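Let's take a walk through this model, one piece at a time. Have the sequence and the 3D view side by side as you read.

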Amino acid sequence: MVRAPAVTTSMTDAGASTLQSPVLAQPVAEQQRDTPQLPDPQNSPGRERELEQAGEIGSVIVQLVRLYAGIKSRVTSGPDGEPSPLFLLVKLAHLGPSRASDLAEHLCADPSTVSRQVSSLVKSGLIERRADPADGRASILVPTELGAQRVSEQEQRRGHSVMPVLEDWPIQDREDLLRLLRKYTDGLEERRDEIVSIMLRSADTPRHHDGPAHGAHHRKDGH
């Protein structure tokens, strides 16, 4: 019987075959048995806790928003129950000169509502329209001197309204709260489209109930 010549080609040679490696030549099933299975980070206990904690944070934020909405509805509202145009003025002061369409986007508000409020603020002498330097055919909105004064007064009133909750807090707790709220708000603004997409997917996902009566009960309660 004629023996095949021994293979002396190095694995580093350009033409090396994977069959020349004793490791790579193992059967696929044996390689899979020898390879440790890494845990799926999406299903790990740590990931589940992160999602649970995020859900708790979301619930607290929703509760906070509802509480403030209830307070504001008892204090300040514009025509037809719309938020006061003063909120738009404060937002404009923080953003700087802006188009009405940009304000509507930042406020997540209907453009027609913003248009009405802008007209009200212009008539009150709190903002003025100027030609947009980037496009002479468009206009930008700028707070007037009276408008800037009104914003300052509003922020002072806002501070007084928050103090009953914070007056017993240590200064470090207040600074931590402010830092984290700013961090969360900035992240919310930056990833707003992604969050909207997630919420829309959740809304489109069919819900499974125990039975027709159970499902009808949920629809009736609005859940």
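Two strands are said to pair if DSSP finds at least two bridges between them. Keep in mind that what you're looking at is a predicted model. Here, strand β1 (residues 127–132) and strand β2 (residues 135–143) pair in the antiparallel sense, over six bridges. To get from β1 to β2, the chain goes through a hairpin of two residues.

Now for the helices. Two packed helices are described by the angle between their axes and the distance between the axes. For α3 and helix α5 (residues 111–123), the angle is about 85° and the axes are 9 Å apart. That makes α3 roughly perpendicular to α5. On the α3 side, P85, L88 and L89 make the contact, while α5 brings in V114, Q117, V118, S120 and L121.

Next, follow the chain to the loop between α3 (85–95) and α4 (100–107), where S98 lies. Is S98 buried or exposed? S98 counts as buried because its relative accessible area is 8%, and the cut-off for buried is under 20%. Its side chain reaches the backbone oxygen of G96 at 2.7 Å. Setting aside neighbours within four places in sequence, S98 is in contact with L92, L103, I140 and L141.

Conventions: Residues are numbered from 1 along each chain as its sequence is written. This is a predicted model: local features need pLDDT of at least 70, side-chain atom pairs count only at pLDDT 80 or more; totals for chains, interfaces and linings use all residues. Side-chain values use heavy atoms; hydrogens and water are left out. Helices (H or I, at least four residues) and strands (E, at least two) are DSSP runs, numbered from the N terminus. Buried means under 20% relative accessible area, exposed over 50%, partly exposed in between (1.4 Å probe, protein chains only). A polar contact is a pair of N or O atoms within 3.5 Å; within protein, one must be able to donate a hydrogen and the other to accept it, and residues adjacent in sequence count only if both atoms are side-chain atoms. Contact means heavy atoms within 4.5 Å. Axes are lines fitted to C-alpha atoms, for helices over the stretch in contact, and angles run from 0 to 180 degrees between N-to-C directions. Angles under 35 degrees count as roughly parallel, over 145 as roughly antiparallel, 65 to 115 as roughly perpendicular and the rest as oblique.
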